[in-house]
Amino acid sequence: MPKTEEVLFATEDQIDEYTDQSPEVQTEKYLIFSSDGLMYGIKAEQVKDIITDYSITYLPQVPSYVKGVINLRGQIIPMVDIRLRLGKMPQDNFCGIVVDVDGNMVGILVDMVEQMVDVPLASILPVPTSSTNQAMVSGMCTLPDGHTMLELDCELLLHD
Amino acid sequence: MGSGNDSILDMYLYETNTLLEQLDGILLTAEEADTFSEDSVNEIFRIMHTIKGSSAMMEFSSLMTVAHRIEDMFFIVREKGMDVVPEQTRPELFDMLFQAVDFFRGEIEKVENEEPLSQSIDHIVSKINSLIDKIQGNPGTPDSAPAPEAEQAPAADEAADAANPDYLFGVHVFFDEGSGMENLRAFMLLNGIKDYCGDFISAPENVESDPTTSDIIADQGFLIWFRTAEERDSVIPAVQNGASVREYQPVDAAAPAPAAHEAAPAASIAAPAPAQEAPKAGSAAPAPKPASAPGQQHAKESLISVNLAKLDQLLAVVSEIVITESMVTSSPDLKGLRLDNFTKSARDLRKLTDDLQDVSMSLRMVPVSGTFQKMNRIVRDMSKKLGKKAKLTLIGEDTEVDKTIVDAIGDPIMHIVRNSMDHGLEENEADRVAAGKDPVGEVILSARHTGSEVIIEIKDDGQGVDTQAVLNKAIRQGLAAPDHDYSQKEILNFLMMPGFSTNTEVTEYSGRGVGMDVVKKNVADVGGTVTISSEWGKGMTTTLKIPLTMAIMDGMEVSVGESMFTIPINSIQSSLKVTAKDVIHDPAQGEMVKIRDNFYPIIRAKELFCMEQGCDNIEEGILMWVEAGEHSYCLFVDELMGEQQIVVKPLPNYINSFGVKNYGISGCSILGDGSISIILDVINVYAAAHNAYGAF
């Protein structure tokens, strides 16, 4: 028994050391991408893949913003054009981000993938007005380089 | 340990459900014969014993108590033979047993849903007790068998006989009911006693090493024998303070009573044999069905139960292998090369993957007999309740279908059978006789394979559907237009419209708002169709057609523009090229073509799916003449690419949420070159075109 206790205490001490070292601020990794001049961020843990080389198979009878499906290593994944989804002008995009939303894999077509950033959770601010165009944005945050990141709510992107 | 871990609970539920199903089957056969064969008595005894044991282990006391009582009853029947049950109480006995099965099922369901178990089991227990009294009161049985009420006294007697003549002073100990692990409790008690007196024997022996004794102890109590009365009295405090000891009583073994002599060995044989199964249920042994009891040899092969998710995973991997194999062997890099060895090996590989695929597909196949057998019970119950004599005939029970299909068709079949019993068969026997039919109604349940489909028919010889009444009702409900002429088939289809129920009264069994529309939906979910046919006065037949497997199928690849579509081979009649003058136009701009004295509508895939590319000229493309369900038409596509075995992949949920299934897009598959082909569902393509362009 005493041995176990020792080990137990040692672990707790270590944990304390860790927390002492790192700053108290909790951060979350975000993948930043651009679409129609705006910067959007998706939680990195939701991102499964970034793809550029694929061919989209057209699917009939779906809204125009669903460009079709792709074959990603044997998985069938729908591709959503975020420009069309947000009511913007379409543009030929090839860059796709595959995200996992509640177990559903969905590809999002974006203009360009920019970078990964650590964003302090506290710095994510609520969206001031909920106008229809920003309906899929769940928070905003100013990045170190001065740009403003709009946090994309992937669930809202899929379900109206 | 009641809350236990999930795998034990799973095992318990699995085993108990299997046993209940088995029990149901035995009861139905027995009721028909109006007696229990020796085998079935033993079997019921064993089932009850197992349920009792494992329920006690899981601390489901209501299940345990009821199972225990029934076990008691069958103990008597087993000892005395079926003659002990008087003729007139037999229906009561069967009813009680069926009720008990329902009770068990209800409780198991509660366990599954994590609801609290019922506390009030007095009703059913008192029923069993009164039956036991009746059986015992029967003059045909002079000597008294161990009745549950008198359980303790005879048990003590029996025990007395078992004693060694040198150890005549005993203590009979009972542990708390349902305390579990009685053998270990007994062992601990013995350890405690050793401090006071080391010279004793116990019955049963070897409690610490033999867990099967736990049931015997729970049933009959635990006996400790000492040489002298003083020694015995000295250990009483230890017994008194023993953990979980409910009660104890000193017993003195006199000269063995001859009358009780027979009962004792019988009881001790009876208990251990089935008891072997009980601990197994609780300890979640890896092989759940080794069929340890002798009565269980039949119909049980060497089975193991596997999580369905693992099977699905296996199938998915096998599917990937099949695709990858064809990607490798038809790789464009190999074009123009002469590779004899490679070709040979590739051919072998192909054969092996085909085998692998067949085997893994067959893993999921189960016979429909389980589902069919359940209907026996429904027919029996309803025929009693409604006072209609009826029998159920099963044909092709061993037809095997995919597990998902079996699960999906259970409720629909039950609903249709209920409908047949409730509305189909005539109210009075006299009506049947007047119509020249057998007074006993018949419901026939049959299953058979055709190449790619399983066909399940539920047929009754009742009064059939009054089409006029159906039509009137459809008109009243606004489903049908009053001034339109409907064909017999169309009228019968009204039965499957949501909210339609022909019977004005809601009966206990059918007409609770769940109608044929739900049947149709459930069957459609597994890709099947429902058709009803009926002749007034002669009965009604409901046919379920369900595709056999949905995971891998033979498809014909066709192209429209750059898109590839797959049409299931089994729905294709033929393909044909036509010239512009073969096409007949109707006033609504519909197109038709005449094939072998029949006109078939043409559906242009390009237009239906609003595609940008593809042939417009009917002479450049090709017509695929397809048929499914009751629809037959020609689908106009650009080109025929060839036949291919494909692995069906469901569309992502997100895509399905747009209702593409209603447009005949049922899934997709990955072709050898990695591109995606869309699988068309011929029936829904027709329905979509029908909705888009109006009636053909």
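Guide: What follows is a conversation about a predicted model, taken topic by topic.

Visitor: How many aromatic pairs does the structure hold over all chains?

Guide: Counting over all chains, there are twelve aromatic pairs. In one of them, the ring centres of Phe33(A) and Tyr40(A) lie 5.5 Å apart and the planes meet at 20°, so this pair is classed as stacked.

Visitor: And are Phe33(A) and Tyr40(A) buried or exposed?

Guide: Phe33(A) has 0% relative accessibility and therefore counts as buried, and Tyr40(A), at 3%, counts as buried too.

Visitor: What about Tyr600(B) and Trp625(B), how are their rings arranged?

Guide: The centres of the Tyr600(B) and Trp625(B) rings are 5.0 Å apart with the planes at 45°, so that pair is tilted. It links distant parts of the chain, since Tyr600(B) belongs to strand E17 (residues 598-604) of chain B and Trp625(B) to strand E18 (residues 622-628) of chain B, 25 residues apart. Tyr600(B) counts as buried at 12% relative accessibility, and Trp625(B) is buried with a relative accessible area of 7%.

Visitor: Which residues do ring pairs link into a cluster?

Guide: Tyr65(A), Tyr654(B) and Phe658(B) are linked in that way. On the face of Tyr65(A) there is also Arg85(A), which lies over the ring at 4.6 Å from its centre.

Visitor: Changing topic: how many residues of strand E13 in chain B are buried?

Guide: Six of the six residues in strand E13 (residues 563-568) of chain B are buried. Both faces are covered, with Ser563(B), Phe565(B) and Ile567(B) buried on one side and Met564(B), Thr566(B) and Pro568(B) buried on the other.

Visitor: Which strand does E13(B) pair with over three bridges?

Guide: E13(B) pairs in the parallel sense with strand E22 (residues 676-680) of chain B, over three bridges, and Met564(B) has Ser677(B) as its bridge partner in E22(B).

Visitor: What is Met624(B) in contact with?

Guide: Setting aside neighbours within four places in sequence, the contacts of Met624(B) include Ile567(B), Tyr633(B), Leu635(B) and Val637(B).

Visitor: Last topic: in what order do the four strands of the open sheet in chain B run?

Guide: The order is E2-E3-E1-E4 (chain B), and the pairing is antiparallel. Strand E2 (200-203) and strand E4 (245-252) of chain B are the edge strands, each pairing on one side only, and the twist averages 20° from one strand to the next. Strand E1 (residues 169-175) of chain B is joined to E4(B) by seven bridges, with Val173(B) standing opposite Tyr248(B) in E4(B).

Visitor: Where does helix H7 of chain B lie?

Guide: Helix H7 (residues 182-194) of chain B lies across E1, E2, strand E3 (222-226) and E4 of chain B, and runs at about 25° to E3(B). Helix H8 (residues 213-220) of chain B packs on the sheet as well, touching E1 and E3 of chain B, and its direction makes about 100° with that of E1(B).

Methods:
Residues are numbered from 1 along each chain as its sequence is written. Chains are lettered from A and ligands numbered from 1 in the order in which they are written. This is a predicted model: local features need pLDDT of at least 70, side-chain atom pairs count only at pLDDT 80 or more; totals for chains, interfaces and linings use all residues. Side-chain values use heavy atoms; hydrogens and water are left out. Rings of Phe, Tyr and Trp (its six-membered ring) pair if their centres lie within 6.5 Å; planes under 30 degrees apart count as stacked, over 60 as edge-to-face and the rest as tilted. Buried means under 20% relative accessible area, exposed over 50%, partly exposed in between (1.4 Å probe, protein chains only). Helices (H or I, at least four residues) and strands (E, at least two) are DSSP runs, numbered from the N terminus. A charge sits over a ring if NZ of Lys or CZ of Arg is within 6 Å of the ring centre and within 35 degrees of the ring normal. Two strands pair if DSSP finds at least two bridges between them. Contact means heavy atoms within 4.5 Å. Axes are lines fitted to C-alpha atoms, for helices over the stretch in contact, and angles run from 0 to 180 degrees between N-to-C directions.
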